[in-house]
Amino acid sequence: MEQIDLNRVPQHIAMILDGNGRWAKKRMLPRNYGHRNGAFNINKVATYCDEIGVKYLTMYCFSTENWNRPQKEVDYLMKAPIRMFSRLKKQIQSSNIRWKFIGRRDRFPKEVFDLINELEDLTKDKTGLTLTICFDYGSYEEITQAVKKIAQECVDGKLNPSDITPDTIENHLYTAGYPKLDLLIRTSGECRISNYLLWQIAYAEFYFTDVLWPDFDKEELYKAIASYQKRDRRFGGLNDNKKN
Ligand code: IPE
Ligand code: IPE
Ligand code: MG
């Protein structure tokens, strides 16, 4: 296992959980089999993150574009939170992870809507990792809804357009109040963002791995964190030893 410095663990990690379909195809199994294994990997990886003191883990599980997939696959993915919760309820209750969901909430089945509310409510007082599931999430949509709310506040006279700052925008995103994103991990070898956290990635470090999501385990997580810990994050400035 890769060595990581537990005093410098990223506070906020985001993950694009990609490669479920290819994982199944490699085994000559239907794509949904990959989604099944991928879904059960979420709580495992969240637990590894919680163990080492990561505070926020934000996972891309269903995008606003994933509705374009075949109906059978969409139906299966929509039921994923229900299947996961019924299998993991006890584990979720006894762990210290706080579950949140972000994205649109008006397009998925009512039973999923109810389940999400139940899961958030059940874990709202947990003090460990905040695990955010991005479900029917897309960055264009997130930014658009933020702009609409800000515009409405201006129309209502509650906000002056000249007072709008980056913080105003940040506070209207689904991730309002979250710490800045430190590390973005994408599995399956694709090197793109796919409409994910476009605002939040401004100064995140990127880590791409060929490993397919259902195979992403503790060892892979540690590799990603070790790589992050070797980066020189400058935020546009210079680090102390380079100032002279
Ligand atoms: C990620 O796996 C899960 C979702 C996008 C819902 P994919 O289903 O995209 O798997 P690949 O990329 O086809 O292998
Ligand atoms: C991104 O993966 C969305 C999720 C992981 C939920 P996709 O597989 O949908 O992205 P593209 O189509 O390869 O860009
Ligand atoms: Mg994919």
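Ser188 is buried, with a relative accessible area of 7% (buried means under 20%, exposed over 50%, partly exposed in between, with a 1.4 Å probe and protein chains only). This is a predicted model, where local features need pLDDT of at least 70, side-chain atom pairs count only at pLDDT 80 or more, and totals for chains, interfaces and linings use all residues. Residues are numbered from 1 along each chain as its sequence is written, ligands are numbered from 1 in the order in which they are written, and side-chain values use heavy atoms, without hydrogens and water.

**Exercise 1.** Find the loop that holds Ser188, then describe its phi.

*Solution.* 
- Step 1. Ser188 belongs to the loop between β5 (183-186) and β6 (205-208). Strands are DSSP runs (E, at least two residues), numbered from the N terminus.
- Step 2. The phi of Ser188 is near 85°. That value is positive, in a residue other than glycine.

**Exercise 2.** Which side chains have an N or O atom close to an oxygen atom of ligand 2?

- Step 1. For Asn66, the distance is 2.9 Å.
- Step 2. For Asp18, a polar side-chain atom lies 3.2 Å away.
- Step 3. For Arg186, the distance is 3.4 Å.

Methods:
A polar contact is a pair of N or O atoms within 3.5 Å; within protein, one must be able to donate a hydrogen and the other to accept it, and residues adjacent in sequence count only if both atoms are side-chain atoms. Helices (H or I, at least four residues) and strands (E, at least two) are DSSP runs, numbered from the N terminus.
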